[in-house]
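Please look over the sequence and the structure before reading on.

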Amino acid sequence: MVDIPRHADTVVVGGGTSGSVVAGLLAAASDETVLVLEAGPDYGALADRHWPPDLLDARAISDSHDWGYDSGSTYPQRTVPFERARVIGGCSSHNGCAAIWGHRRDYDDWAAAGLGGWSTADLLPFFASATRRARVRNYAPAEVTPFHRRCLDAAASLGLPLTDDLNDLDENEGMAASPVNIAGGVRWNAALAYLDPVRDRPSLSVVGNAAVDRVVVRDGRAVGVVVLGPDGPAEVRAGRVVVSGGTYGSPAILLRSGIGDPEALRRLGIASVAGLRGVGRNLHDHPAVTLQHAGSAGLVSEMQAFAAANWMPEEQTIAKLRSRVHPADETGFDLHIYPVGGPDPGEPGGWRWQFPVACMTPRSRGSVALASADPTVAPLIDHGYLSDPDGHDRAVLVDGVRIARELAAQPALGPVLGAETKPGPAARTEREVAAWVDASVAHYYHPVGTCAMGTDPDAGAVVDARGRVHGVDGLVVADCSVIPTVPRANTNIPAFVVGERIASWLTAR
């Protein structure tokens, strides 16, 4: 670890997607000192050539820098890993690179709830900036793999419209090859996009392997942070603190700082400095299940021939769909099906052919809580999947399974996919499929909401519309934890946009 500066005008806690965006934009806007404290390694600028190949290679999701979060004892028969990246750039350094925006209703609903500056019209300039900086591009037809081409052909024969723009915010249904933040095969993460252009500025310091325990609050104001250094805890003074620890990490940092439910904090021996009961609550994600097929020698041969002459990603297409549950008179959609096809990382020499299905309008809510005041102990994460009392989320997924099976049965796919191995013949009736969904539900890697924006702290709001923590001056949260309701999108680009939106207010100061 390099020496940690003991003071900065702004300390950014976490160099993940949003944290890198905020820090880069702050450093570019003025000569105020900006210190980024990242719990994982900082591999420097791309030109320094220190980045591990798996983090740059966008053909498959990496798990080499995972935090190790999981569901603990939530599910008696299994443990669900909740992968998050502990590295500069955060999850933008190891994800599938789907650069999806969602639907107009997502952001307009935030604004309608009193969050000024978050409507679709307000955010379009930030979506455009993030898209440009992250080098988002569309696949040319010749770049689409044989498996994904078959998926698109199957969608067309099923009657699903093929679209030229998955980011048409007014489109209700369609399938296409996803836009991606990939440049020359490199996963163009937030650190490359926002920190590399300003790394030579003396006002910016980026320190890796520097986990933050808590924010120091005195007389109602954030005045610094306690970081876990090689010689033990050390305090770094700050004029302003921006917490960007992610949907699991940010609430944990706030709770250890004494910001949360006073009774819960007292049980852990933490003195309360701000009684915000919403910290750690409102956790939600797009619940998902994955159908799997055996494949065939012919499909493998097609893919091998393609890979011999082309760059071949395993994720490439996304279908946005409306289930039977979606109100016919409402705009929007409530399903994603996102086929995965390629070499199986868990089985050397093997291949996998999967059809994940995700509910994009989840109503279930869970929580993040502290297991201990010790910052080295992972928080307790309970997503509460399928816990909504009306059974909405389960019903959407059950119908999504039906659509995925219809897609897989189309002439372009059926002859080459082989038998369905998961869930297979044991889940044919709607009741059987519902039971399988209950036993198999996992996540789409898009957790949000644990430090939600809102106008009323008594109703669970943690930060205001500008990310400022209610009741604590000089403290801002900027990451997907502030999102009050998850958009109908992979949260890759929305995480960039959250950073851009909040940075615009911080730099305006």
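The sections below take up a pocket, a helix pair and the cavities.

## Basis of the report

The model is predicted, and local features need pLDDT of at least 70, side-chain atom pairs count only at pLDDT 80 or more, while totals for chains, interfaces and linings use all residues. Residues are numbered from 1 along each chain as its sequence is written, and side-chain values use heavy atoms, with hydrogens and water left out.

## The second largest pocket

The second largest pocket has a volume of about 640 Å³, where a pocket is, on a 1 Å grid over the protein atoms alone, an open set of points with protein on both sides within 12 Å along at least five of seven lines. A volume is the space filled by probe spheres set on the points, which are joined across faces, edges and corners. Its lining (residues with an atom within 4 Å of a point) comprises 34 residues, of which Asp109, Pro362, Arg365, Thr485 and Val486 lie nearest the centre of the pocket.

By class, this lining holds 14 nonpolar, ten polar and ten charged residues; Ala, Val, Leu, Ile, Met, Phe, Trp, Tyr, Cys and Pro count as nonpolar, Asp, Glu, Lys and Arg as charged, and the others, Gly among them, as polar. Helix H3 (104–112) and strand E10 (281–283) each supply at least two residues of the lining, and H3 gives the most, with four residues. Helices (H or I, at least four residues) and strands (E, at least two) are DSSP runs, numbered from the N terminus.

## Helix H3 and its partner H4

The axes of H3 and helix H4 (residues 120–133) come within 9 Å and cross at roughly 120 degrees; axes are lines fitted to C-alpha atoms, for helices over the stretch in contact, and angles run from 0 to 180 degrees between N-to-C directions. H3 and H4 are therefore oblique to each other, since angles under 35 degrees count as roughly parallel, over 145 as roughly antiparallel, 65 to 115 as roughly perpendicular and the rest as oblique. Arg104, Tyr107 and Asp108 of H3 make the contact (heavy atoms within 4.5 Å) with Thr120, Leu123 and Phe127 of H4.

## The cavities

A search of the whole structure finds four cavities of 30 Å³ or more, a cavity being a set of points where a 1.4 Å probe fits but cannot get out. The largest cavity holds about 90 Å³ of space, and its lining has six nonpolar, five polar and one charged residues, including Gly96, Tyr139 and Glu315.

The second largest cavity has a volume of about 50 Å³. Gly96, Tyr139 and Glu315 are also among the residues that line this second cavity.
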